[in-house]
Amino acid sequence: MTNKIIIKNKITKFKKKIEVSGDKSLSIRWVLFSSLASGVSKAKNLLMSEDVLAAIEIIKKLGIKVKIRNKICEIYGKGINGYVFRKNLKLNAKNSGTLGRLLLGLLIDSPYPIKIIGDKSLSQRDFKRVSDPLSNFGANFKLSKKKYLPLTIMGSKKLNPINYFEKKGSAQCKSAVIFGGLKTNGTTTIKAKKSRNHTELLCKYLNLPLTVINKKKYDLIKVNKMKKINRLNYNIPSDISSSAFFLVLTALNSNCELLIKNVNVNPSRIGVITILKKMGVKIQFKNQKIYKGEKIADIKIVSPKFLKPINCPPSLNTEAIDEFLLIFLVAAKANGISYFKDLAELNHKESPRLKWGEKILNKIGIKTITTDNSIKIFGNPNINLKNKIIIKNYLKDHRVFMTSIIAALSFGGEWSIHDKDSINTSFPNFLKIINNLRKNA
Ligand code: S3P
């Protein structure tokens with residue numbers, strides 16, 4: 001079976017109501033917290049993608065029973081000390097940075113060395129950023145070339161609390177240290193640049209010993225050793241990052257309208273919406289509610305008449321970090337020059353995404369000026385491609401694949417986009433929703 005997609009036609013106008021799959025960040029965190037809970041936790045709408053299934057495989061290897069039936073996932077937690085550690089344990093985080101990094105915080109007290117491996121993309125990502133702070137608790141790490149997977153974690157029973165300053169805006173680093181703090185006597189203090197706060201909200205909902213003081217630019221987090229995690233039933237809301245593909249498809253086309261149901265619009269995740277609004281797109285939240293600390297809403301979006309360029313405030317970078325490839329497409333169609341800076345973190349994702357953003361734009365004839373951490377995009381409101389475009393060898397970065405599909409459906413030309421199976425890491429039914437939008441107006 002061919003593993004590439006050919007797109008030769010632009011999408012025609014649509015007016016639809018859709019639902020995308022469960023939030024990936026929350027799904028992985030739910031699996032990890034539930035694996036340490038006392039009793040059976042159940043989740044509905046858990047994202048059934050490779051990243052989340054990798055988390056499930058890992059907790060199973062640590063001796064936790066998991067059942068999936070009738071679209072409900074049940075995790076049979078055995079308490080905070082319930083993992084079964086064996087000698088020569090090897091755990092595979094596959095493509096998931098979130099899983100690989102958060103896991104290290106959870107394994108900080110393992111009595112035996114544990115080897116962590118990942119796929120080709122994950123094996124090129126920096127793990128020193130988490131092993132450094134976790135070493136300060138008293139665990140030891142052996143990393144490949146001092147920075148990468150495969151790594152071996154050697155836990156310790158004599159952990160000391162730490163003071164940690166998280167400066168990158170990385171929720172993965174922050175969360176790994178929170179997990180470490182939850183396993184350590186004494187108070188661990190984290191000063192963290194603002195980033196997605198699902199771990200903190202889950203701790204709060206579960207009454208775990210964690211407090212957060214929100215300062216203007218930083219959060220001050222204090223964590224103490226946990227005694228027990230109650231079982232956690234969760235109805236996972238839809239993922240804003242998966243919704244973003246359809247928001248941008250609507251923004252790049254004319255006369256389209258979309259309602260995306262039940263999305264997690266946690267304020268630390270909605271940078272893409274703030275940016276699209278600044279560029280002239282009308283977006284509204286409907287039926288807003290709070291669920292277990294998370295803000296949920298239906299998102300309504302209407303195609304704009306024209307798109308304004310943006311000088312993007314770097315204060316929005318962390319909130320929009322997974323959506324920049326898409327945002328660059330919007331800038332490509334804007335009427336003027338857009339500028340994005342302080343984006344070095346983008347090159348630390350599943351592929352070097354700032355580079356891939358530039359490559360895709362250049363392939364569609366858009367001029368860019370790029371540095372290691374910034375991109376200037378010379379927009380053209382009248383892009384109408386006739387040429388052939390091939391997208392391949394992008395380390396199977398799911399977001400490169402899906403962004404290319406959105407570009408193909410919006411800008412014309414004949415696209416050949418390789419490695420279709422890359423969507424399985426985060427959004428297996430992406431193409432099904434695309435086909436539904438393509439079917440009729
Ligand atoms: C995530 C945090 C972000 C994000 C990733 C998911 C999380 O990574 O890019 O897709 O769930 O904590 P960083 O922490 O590296 O910024």
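Leaving aside neighbours within four places in sequence, which residues is Phe179 in contact with? I looked this up first, and found Leu102, Gly105 and Leu106. Two residues are in contact here if their C-beta atoms, placed from the backbone, lie within 7 Å.

**Ground rules**

I am working with a predicted model, in which local features need pLDDT of at least 70, side-chain atom pairs count only at pLDDT 80 or more, and totals for chains, interfaces and linings use all residues. I number residues from 1 along each chain as its sequence is written.

**Entry 1: Phe179**

I placed Phe179 in helix H5. Helices (H or I, at least four residues) and strands (E, at least two) are DSSP runs, numbered from the N terminus. Is Phe179 buried or exposed? I counted 26 other C-beta atoms within 10 Å, so Phe179 is buried. The cut-offs I use are 20 or more other C-beta atoms within 10 Å of a residue's own for buried, 12 or fewer for exposed, and partly exposed in between, with C-beta atoms placed from the backbone. I also checked Phe179 against Asn387: they are 208 residues apart in sequence and 50 Å apart in space, C-alpha to C-alpha.

**Entry 2: the whole chain**

I found twelve helices and 23 strands in the protein chain. Its radius of gyration is 22 Å, close to the 22 Å that the globule rule gives for 441 residues, so the chain is as compact as a globular protein of that length. That radius is taken over C-alpha atoms, and the rule is 2.2 Å times the number of residues to the power 0.38. Along the principal axes, the C-alpha trace spans about 65 × 50 × 45 Å. Buried residues make up 50% of the 441. Of the contacts with a separation of 6 or more, 76% join residues 24 or more positions apart.

**Entry 3: two domains**

I see the chain divided into domain 1 (4–22 + 237–438) and domain 2 (24–230); such bounds come from an automatic or database domain assignment. Their centres, taken over C-alpha atoms, are separated by 29 Å. Domain 1 puts 23 residues into the contact, and domain 2 puts in 24 residues. On the side of domain 1 that touches domain 2, I noted three nonpolar, twelve polar and eight charged residues. For these classes, Ala, Val, Leu, Ile, Met, Phe, Trp, Tyr, Cys and Pro count as nonpolar, Asp, Glu, Lys and Arg as charged, and the others, Gly among them, as polar.

**Entry 4: the ligand**

Which residues surround the ligand? I listed Ser25, Gly97, Thr98, Ser170, Ala171, Gln172, Ser175, Arg196, Ile321, Asp322 and Glu345. A residue is near a molecule if its C-beta atom, placed from the backbone, lies within 6 Å of it. Helix H3 (97–106) and helix H5 (171–182) are the elements that give two or more residues to this shell. H5 supplies the largest share, three residues. By class, the shell has two nonpolar, six polar and three charged residues. Why does the ligand lie between the domains? Domain 1 and domain 2 both give residues to the shell, so that is where I place the ligand.

**Entry 5: cores**

I found 74 residues in the largest nonpolar core, and those with the most contacts inside it are Val248, Val272, Leu326, Phe328, Val330 and Ile406. A nonpolar core is a set of buried Ala, Val, Leu, Ile, Met, Phe, Trp, Tyr and Cys residues joined through C-beta atoms within 7 Å. Not counting residues up to four places away in sequence, Leu326 touches Ala244, Phe245, Val248, Val272, Thr403 and Ile406. I also noted a second, separate core of 62 residues, which includes Trp30, Tyr83, Ile108 and Tyr234.

**Entry 6: helix H4**

In H4 (residues 128–137), I marked Val130, Ser131, Pro133, Leu134 and Phe137 as buried. The buried residues of H4 pack against H3, strand S8 (140–144), strand S9 (148–154), strand S10 (163–166) and H5. Gly138 follows H4 and has a positive phi, near 125 degrees.

**Entry 7: backbone notes**

I spotted a cis peptide bond from Leu149 to Pro150, with omega near -10 degrees; Pro150 is in strand S9. Lys71 is not a glycine, yet its phi is positive, about 65 degrees. I found Lys71 in the loop between strand S4 (65–69) and strand S5 (72–78), and with 10 other C-beta atoms within 10 Å, Lys71 is exposed. Asn207 is not a glycine either, and has a positive phi of about 60 degrees. Asn207 sits in the loop between helix H6 (198–205) and strand S12 (210–214), and counts as exposed with 11 C-beta neighbours inside 10 Å.
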